[in-house]
Amino acid sequence: MADYTTLAKTIAALTEGETDPVALMATIACELHHSDDRFDWTGFYRVTEPGLLKIGPYQGGHGCLQIPFERGVCGAAARTGEVQLVADVDAFPGHIACATSTRSEIVLPVRNATGEIIAVLDIDSDQPDAFTERDAQALTAILKDTFGR
């Protein structure tokens with residue numbers, strides 16, 4: 001399991017003074033991905049136009065290039081502005097299988113300083129029921145600290 005206290009401090013130190021969202025996303029994706037064996041795919045989908053997410057910085061195998069807000073777990077997070085904690089992706093209506101190895105997933109909305117959703121952070125696991133509310137809270141805090149400045 002990730003040591004979120006250390007991870008938050010590391011990410012804060014690495015991103016101090018940086019304002020470019022893509023640079024921030026690249027750094028976060030890398031640090032998160034290598035922090036926990038549960039994290040099989042770790043990355044961002046950016047809001048590039050109303051109702052559409054496009055792949056951003058990530059670690060792991062290939063991802064979907066585009067995801068409409070009305071499709072999949074990432075779309076649900078962007079559309080509702082709420083964390084999506086999915087224990088079994090096969091049970092999620094409309095799940096988009098970008099990778100057949102994905103068994104569970106957590107997706108968190110990423111908001112800028114004005115509260116606008118600019119992306120979602122998507123973490124996939126090849127383990128079923130890999131994520132908890134603790135993950136959701138810690139990851140939400142890291143995103144708020146980084147992008148909500």
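Helices (H or I, at least four residues) and strands (E, at least two) are taken here as DSSP runs, numbered from the N terminus. By this assignment, Leu14 belongs to helix α1, which covers residues 4-15. The structure is a predicted model, in which local features need pLDDT of at least 70, side-chain atom pairs count only at pLDDT 80 or more, and totals for chains, interfaces and linings use all residues. Residues are numbered from 1 along each chain as its sequence is written, and side-chain values use heavy atoms, with hydrogens and water left out.

The protein contains 4 helices and 6 strands. Their order along the sequence is α-α-β-β-β-α-β-β-β-α. The radius of gyration, taken over C-alpha atoms, is compared with a globule rule of 2.2 Å times the number of residues to the power 0.38. For 149 residues a compact globule would have a value near 15 Å, and the 14 Å of the protein agrees with this. Along the principal axes, the C-alpha atoms fill a box of roughly 40 × 35 × 25 Å.

Accessible areas come from the Shrake-Rupley method with a 1.4 Å probe; for residues, only the protein chains shown count as cover. The protein exposes about 7300 Å², of which carbon and sulfur atoms supply 50%. A residue is called buried under 20% relative accessible area, exposed over 50%, and partly exposed in between (1.4 Å probe, protein chains only). Of the 149 residues, 46% are buried. With contact defined as heavy atoms within 4.5 Å, residues 24 or more positions apart account for 51% of the contacts with a separation of 6 or more.

Leu14, in helix α1, counts as partly exposed because its relative accessibility is 49%. Beyond its neighbours within four places in sequence, Leu14 is in contact with Thr27 and Glu31.

His33 is placed in helix α2 (residues 21-33). A relative accessibility of 14% makes His33 buried. Its side chain forms a polar contact with the side chain of Thr42 at 2.9 Å. A polar contact is a pair of N or O atoms within 3.5 Å; within protein, one must be able to donate a hydrogen and the other to accept it, and residues adjacent in sequence count only if both atoms are side-chain atoms. With neighbours within four places in sequence set aside, the contacts of His33 are Phe39, Asp40, Trp41, Thr42, Gln59 and Gly60.

Ile96 occupies the loop between β4 (84-86) and β5 (104-111). Ile96 counts as buried, at 18% relative accessibility. Cys74 is 22 residues from Ile96 along the chain, and their C-alpha atoms are separated by 8.9 Å.

Asp129 is found in the loop between β6 (117-125) and α4 (133-147). At 52% relative accessibility, this residue counts as exposed. Asp129 is not a glycine, yet has a positive phi of about 50 degrees. Most residues other than glycine have a negative phi. Asp135, by contrast, is in helix α4 and is buried, with a relative accessible area of 0%. Apart from neighbours within four places in sequence, Asp135 is in contact with Tyr4, Arg38, Ile106 and Ala130.
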